[in-house]
Amino acid sequence: MSALTSRPTAAPAVITATAAERRRRNAKRGWNVVGLLVFVVTAFPVYWMINTAFKPAKDAIDPKPHFFPWPVSLENFRRALNISDFWGPVERSLIVSASTVVIGAIIGLLAALAISRFAFRGRKVVIVGILTVQMVPLVAMIIPVFLLLNQIHQIDKLSGLVLTYLTFVLPFTVWTLRGFIVNIPKELEEAAMVDGCSRTGAFIRVVFPLLAPGLVATSIYAFIQAWNEFLYALLVMSQEHETATVWLGTFTTQHGTEYAPMMAGSTMMGVPVVILFLLVQRRMAAGLTAGAVKG
């Protein structure tokens, strides 16, 4: 009798489990659809840029959109390379972006280490100051930055542009690296120092390898910020020493805008960033998830 009475109670449990599994599958499909929509919205402008770059120039301004470039044309790339000096601005952008990343990473790492590992007077003020600087719009700093660069004779110089970019790359680097360092237990450094390492040796041998993925991820974002910056490059640099982003303005004249060559130039400008991302994508993915789980 006990076996017979237990059977009716098992069926509702199975039905409940099946319904819960069905809801989970439906929720997963829903999130997959949302993710696909987000991907389409974010990737479509990039696709349209590449699509326009390979179109004939007359199709780029056709009111009827052509979602596939046919016939495929390389004339826009030849036009982009011949309309003005292309490699000069790209070289200058690479120099400025790389210098900004290297200097910002070194100074930002030391500052983040000091803020996260040492207790000193005014520590909270420094942290609040970093956050405050990040909230200030870049447009609001144009006049002070220009006047300062003019006083130290850095107008129309790559070094001046690097100093300018450090004003918004450094706060981001310090704040981000601080988050990574805080998630590394102090006990690891203390154990290394007990084994005979100095504080510097413990940082180099223990902390830095754990921090490397976060440093790579931060450097990539800093490089993208410096590479894509337009306003300060237009203000500080002359046409003779313009960067790649300002060079794109060459396609806008009093006679109109050459959209197809401009998209070709934008496509070529995106290649260095894509190559850099592909080279460090594993390190970057590890850095983005570092500290998400504490063990």
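At a relative accessibility of 43%, Glu75 counts as partly exposed, where buried stands for under 20% relative accessible area, exposed for over 50% and partly exposed for the range in between (1.4 Å probe, protein chains only). Arg78, at 44%, likewise counts as partly exposed. These two residues form a salt bridge in which the closest N and O atoms are 3.2 Å apart. The term denotes a side-chain nitrogen of Lys or Arg within 4 Å of a carboxyl oxygen of Asp or Glu. Both partners belong to helix 3 and stand three residues apart, about one turn of the helix. The structure holds one salt bridge.

The model is a predicted one, in which local features need a pLDDT of at least 70 and side-chain atom pairs count only at pLDDT 80 or more, whereas totals for chains, interfaces and linings use all residues. Residues are numbered from 1 along each chain as its sequence is written, and side-chain values use heavy atoms, with hydrogens and water left out.

The chain as a whole may be considered next. Its secondary structure comes to twelve helices and two strands, these being DSSP runs (H or I of at least four residues for helices, E of at least two for strands) numbered from the N terminus. In order from the N terminus, the elements run α-α-α-α-α-α-α-α-α-α-α-β-β-α. Of the 295 residues in the protein chain, 33% are buried. Among contacts (heavy atoms within 4.5 Å) with a separation of 6 or more, 72% join residues 24 or more positions apart.

An unreviewed UniProt entry places the feature "transmembrane region" at residues 31-50, 94-113, 125-149, 161-181, 202-224 and 259-280. Such positions are given in the numbering used here, feature names are shortened, and annotations may be inferred rather than shown by experiment. Two of these spans can be described from the model. Residues 31-50 are 100% helix and 0% strand, with end C-alpha atoms 28 Å apart. For residues 161-181, also 100% helix and 0% strand, the end C-alpha atoms lie 29 Å apart.

The interior of the model can be followed through its nonpolar cores, each a set of buried Ala, Val, Leu, Ile, Met, Phe, Trp, Tyr and Cys residues joined through side-chain atoms within 4.5 Å. The largest of them has 35 residues, and those with the most contacts inside it are Ala80, Leu161, Tyr165, Tyr232, Trp247 and Phe251. Two or more residues of this core come from each of helix 3 (75-83), helix 4 (87-117), helix 6, helix 7, helix 9 (199-228), helix 10, helix 11 (244-247) and helix 12 (259-289). The greatest contribution is that of helix 7, with seven residues. A second, separate core consists of twelve residues, including Ala112, Phe203, Leu211 and Leu215. Tyr165, apart from its neighbours within four places in sequence, is in contact with Val96, Thr100, Ala226, Glu229, Tyr232 and Ala233.

Within its residues 142-151, Ile142, Val145 and Leu149 are buried. Viewed down the helix axis, the buried residues of helix 6 fall within an arc of 75°, so they line one face of the helix; the arc is taken over the directions from the helix axis to the C-beta atoms. That buried set packs against helix 7 (158-182) and helix 10 (231-236). On the face turned away from the buried side, helix 6 carries the exposed residues Ile143 and Gln151. After helix 6 comes His153, with a positive phi near 60°.

Ser219 lies in helix 9 and, at 18% relative accessibility, counts as buried. Beyond residues up to four places away in sequence, Ser219 touches Val101 and Ala105. Val206 is also found in helix 9, but its relative accessible area of 22% makes it partly exposed. Leaving aside neighbours within four places, Val206 is in contact with Leu188, Ala192 and Gly201. The C-alpha atoms of Val206 and Ala192, 14 residues apart along the chain, are separated by 7.5 Å.

Confidence remains to be considered. The mean pLDDT (the predictor's confidence in each residue, from 0 to 100) is 80 for the protein chain, and 89% of its residues reach 70 or more. Residues 1-6 have pLDDT below 50, and this stretch has zero contacts in the model beyond near neighbours in sequence. Over residues 287-295 pLDDT stays under 50, and the model has nine contacts for them beyond four places in sequence. Where pLDDT is low, predicted coordinates should not be read in detail.
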